[in-house]
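Here's a quick briefing to read alongside the model. Have the structure open and follow along.

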Amino acid sequence: MFDETTLNERIDVIARFGVGLNPCEPVKFRRPNGREVVVSEIGLRHPTVQGKRTIHVFDVTDGAADYRIEFDSEHLTWQLTRMGDRL
Amino acid sequence: MNLRESINDAEPMVMHIDLNSCFATVEQQARVRLRGRPLAVVNRLAGDAMVITASYEAKTHGVKTGMRISDAKRLCRGLVVTETDPPKYRYVYHKLLDIMNSYSASVSMKSIDEGVIDFKQAPGHLLSGRTLEQVGLEVKARLKAEVGGAMRCNVGIATNRFLAKTAAGLHKPDGLDVITADNLRKVYAGMKLTDLTGIAERNRERLESVGIMNPLQFLDTPAEVLHKMVFMSVNGDLWHQRLRGWEVDDVETQTKRIGRQFVLDGFTMSFDEILQRLHNLCESVGERLRAQGMSARGVYVGTRTFGMTGDKRRNYWHAQFVSQVPFFSNDTIYTLAKRLFMSAPPDIRDINVHVYLLSDGEDNQLSLFADEYVRSKAITGAVDEINYRYGERTIHAANTLPTNRIIKTKIPFGSTRYL
């Protein structure tokens, strides 16, 4: 097993919306504790559905740790749901 | 069957694409810190689970699919273990399918991580001036661009599906190989019988019993011997053609059974707790059945058990029931399955439930109990509608509540029906 923390934090996010294969790219986000995380790479973006709601899941890293942030396309909210330090 | 003795020397037009260590590669793509690490993906983190997929870093230490985590960790210190995340794999599956569909109308996915493009059906302009090898390289590049840079796939090109899959397995990971009439014998010369897709231990024994010890001898064996002495059926003819590059596997398969299996999360639970899990599985089977627009007439339940002597030798038990009238509701499936399950032996290790004798969901011949049928259909339809709108298992049987966190939807192997 490996060290990973499950979270449920509402976060402020700056994202870039554009054209191309990845039309939405989170650039950085701020956690409730005030800490800012600058995204250096998006590993994968994939959609999940909860009933008819679509949640876009972004697995991202800032180079030091990996994070999972989720965008609820119905409520237009962002959540930080998982975090794992570099091994 | 019209058997051709020659090796098919037509231009290879079938491409097999296989994602390398699919689930592990997708996890490494998503979670940057896992890249380059030995990784095992399991269905459940609790207990001594079985490895579903191992990354190539883990494979170099001898970790294999089907191995227990405790054994894998003994082979590979520092092995990282993570749980399957089906939505991710479904997403990658659909991306791969989109890429493949852009080349030909004839695309068939064999499972969640592999599929076939038949370029005989492709529009001419797609290939204008390009070889299939160049197209294969383009598929690899598109997978990296459209999913992620850590994604890799094997590409195999040949005249039929069997040889294309064989070609895709020649150089893992990230290989691209072509099998033609010119190099066919050379490829077979470097393989064992069990390297051939479809030849496992029993078929190997059959072949060796008549002196066929390797793929080259298999290739050189007359069809009559394969038919009458080895496979005792038309399978011998099919192998004769398949090995020579003639297409015999381009067949549509029909859904004959819909089911779920679950390895119990503890081996000391009460019978009531086991029934809760059976009920959950029956609900899942019912939803899948109705999602396919089907009804069933047969229910099958089976278990593997530890022997009464406690020696861990696995015993198998199963029972089945065929109804006169078709059924589709979760309640009916569970009622029938539970009745069968009451005679199951103790020391149950896993539960397997499926429905069969499937037919179109519309029942044109209503029985004397038509009112009951219509009522059941209306209630089931309403529950399905709510679950579709608000998420699966929003409404479920009360006694399955404790199982919600235990039994999760997993990726079905060998089928892409539910993806």
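Leaving out neighbours within four places in sequence, B:Ala40 is in contact with B:Val51, B:Ala54, B:Ala58, B:Val63, B:Ile69, B:Ala72, B:Leu79 and B:Val81 (contact means C-beta atoms, placed from the backbone, within 7 Å). This is a predicted model, where local features need pLDDT of at least 70 and side-chain atom pairs count only at pLDDT 80 or more, while totals for chains, interfaces and linings use all residues. Residues are numbered from 1 along each chain as its sequence is written, and chains are lettered from A and ligands numbered from 1 in the order in which they are written.

**Cores**
- B:Ala40 joins B:Met15, B:Ile157 and B:Ala164 as the residues with the most contacts inside the largest nonpolar core, which has 58 residues.
- Such a core is a set of buried Ala, Val, Leu, Ile, Met, Phe, Trp, Tyr and Cys residues joined through C-beta atoms within 7 Å, and buried means 20 or more other C-beta atoms within 10 Å of a residue's own.
- A second, separate core of 22 residues includes B:Ile258, B:Phe328, B:Tyr334 and B:Val355.

**Helix pair**
- Helices H13 (residues 271–291) and H14 (residues 330–341) of chain B pack at about 140 degrees, axes 9 Å apart (helices are DSSP runs of H or I, at least four residues, numbered from the N terminus; axes are lines fitted to C-alpha atoms over the stretch in contact, and angles run from 0 to 180 degrees between N-to-C directions).
- Among the residues that meet are B:Leu275 and B:Cys282 in H13(B), and B:Ile333 and B:Tyr334 in H14(B).

**Chain contact**
- Chain B gives 20 residues to the contact and chain A gives 18.

Technical notes: Helices (H or I, at least four residues) and strands (E, at least two) are DSSP runs, numbered from the N terminus. Two residues are in contact if their C-beta atoms, placed from the backbone, lie within 7 Å. A residue is buried if 20 or more other C-beta atoms lie within 10 Å of its own, exposed if 12 or fewer, and partly exposed in between; C-beta atoms are placed from the backbone.
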